[in-house]
Each structure stands twice: as structure tokens, then as C-alpha cells.
Amino acid sequence: MPGGRRGLVAPQNTFLENIIRRSNSQPDSSFLLANAQIVDFPIVYCNEAFCKISGYNRAEVMQKSCRCGFMFGELTDKETINRVDHVLEHQLHDQFEILLYKKNKNKETPLWLLLQISPIKNERDLVVLFLLTFRDITALKQPIETDDTKGGLSKFAKLARSVTRSRSVLVSQFSSHLPNLKDTTKQSHLAQVCVYVLYNFFLITF
């Protein structure tokens, strides 16, 4: 029956719409969604802001692991990498700073990001997706020295131990009030994105 079939599809669309609307409404929001039920958690969707912040286009990002190993560099802290792995493997919610590298033509540019990882459950209380949100906080950090490797590592060690005063401000932005999405064009685009995410999610899963 058409009514019964629609009843199965509508909750999934609403589920994804809420995720994407909530993420896109954040200031300077760049995010990706990953399949939490497949080994290595492949990326099933990333928004344009993430493509800009990473320097990779969507085709290059799709189905890579949300561990974001493709953005690691010489100054990326191994302890932080292990923390990302731990959070994903144990389906935890966490937020921390990480130094990643943006693809920039023939070179890679280091940048500090505030990363939030959130497991997303379905109606059966199973974690089916991971939402990773990135915010560029490079401007709030001391300059990263890259000309001299040893000097760069020394600078990284100092930065890794520091706690910036701005962290509480940035953290609070994630829980700020979300504006209502009334524009019909945006709603139509959101529906298309949901279909796109569902397609990639089930394509990888099955």
C-alpha cells in the first residue's frame, strides 16, 4: 500500500533533515556524516563548507574514513589521533582540538580545528551515523612554525599543552539556539541532500 510504504520512508527523511538542518544552522559550520555500522566508518556525506576547509572536493572525500587520516600531517598529535579512534570505536560523544592539514594546490597548510564527534542513533536506539563538526580556530592560536621541523615540533608541544581562553566560547556556540528554516528553496535542497545521504548510506551498507 502506498500509505504504508511512505510511512517507512518519511521517518528516515525527517531524521536526516533534523541532523542536516541543525548542523548547517551553526555559524561557519563544516561537517560530515559517516556510516557507523561499517568497518572504518566511511563518509557518506560532507557539506560544501567541509570541502572548503579541507581543500578536497566531495568526490575525493566520499567513502574515505571519517578518522580523516587523509588530513594528517607531521604535526598531528598521535595522542589526539588515538583519541579520535577511541571515540569512534566506543561510539562516544567528545570534543577536542586537533591539528590537521588542508590540501592547498601543491602544498598542505596546517590548521587548528575544534572537532566535535557525535554518535547518532535511530529509532531502535542503534548508532547508525557519526556526525563530525569542524570549526577553524587557527586564528585563535599562536602561529605554527613549519620552516624548521624541530622548531615546529617544539611549538606544537607547547600549543598542545595550552588551553585557550576562547574554548568555552567556541563550545557554547555548538549549543546555541537554532533558527527556523522557512525558505522553501532551502527545504527543497535539504530534501535532496537527505536522499543523497540515504543513497550513500545504504549503498555502502548493503
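**Fold, sheet and aromatic core of the predicted model**

Read along the sequence, the protein chain follows the pattern α-β-β-α-α-α-β-β-β-α-α-α, and its secondary structure comes to 7 helices and 5 strands (DSSP runs numbered from the N terminus, H or I of at least four residues for helices and E of at least two for strands). The model is predicted, so local features need pLDDT of at least 70 and side-chain atom pairs count only at pLDDT 80 or more, while totals for chains, interfaces and linings use all residues. Residues are numbered from 1 along each chain as its sequence is written, and side-chain values use heavy atoms, with hydrogens and water left out. Of the 206 residues of the protein chain, 42% count as buried (under 20% relative accessible area, with exposed over 50% and partly exposed in between, for a 1.4 Å probe and protein chains only). Among contacts (heavy atoms within 4.5 Å) between residues at least 6 apart in sequence, 54% join residues at least 24 apart.

We turn next to the sheet. Its 5 strands form an open, antiparallel arrangement in the order β2-β1-β5-β4-β3, where two strands pair if DSSP finds at least two bridges between them. Strands β2 and β3 stand at the edges, each with a single partner strand, so one side of each is left without a neighbour in the sheet. From one strand to the next, the twist averages 30 degrees; axes here are lines fitted to C-alpha atoms, for helices over the stretch in contact, and angles run from 0 to 180 degrees between N-to-C directions. The antiparallel pairing of β1 and β2 extends over 3 bridges, and L32 has C46 in β2 as its bridge partner. Helix α4 lies across β3, β4 and β5, running at about 115 degrees to β3.

Beyond its neighbours within four places in sequence, F130 is in contact with residues including L32, F41, L88 and I117.

The whole structure holds 4 of them, defined by ring centres of Phe, Tyr and Trp (its six-membered ring) within 6.5 Å, with planes under 30 degrees apart counted as stacked, over 60 as edge-to-face and the rest as tilted. F41 and F130 form an edge-to-face pair, 5.3 Å centre to centre with 85 degrees between the planes. Since F41 lies in the loop between β1 and β2 and F130 in strand β5, the pair ties together parts that are 89 residues apart in sequence. F41 is buried, with a relative accessible area of 8%, and touches K64, S65, C66 and R67, among others. Its C-alpha atom is separated by 8.3 Å from that of Q63, 22 residues apart along the chain.

Y56 and F70 also form an edge-to-face pair, 5.1 Å centre to centre and 85 degrees between the planes. Both Y56 and F70 are buried. Finally, the charged end of K141 sits over the ring of W112, 4.5 Å from its centre (NZ of Lys or CZ of Arg within 6 Å of the ring centre and within 35 degrees of the ring normal).
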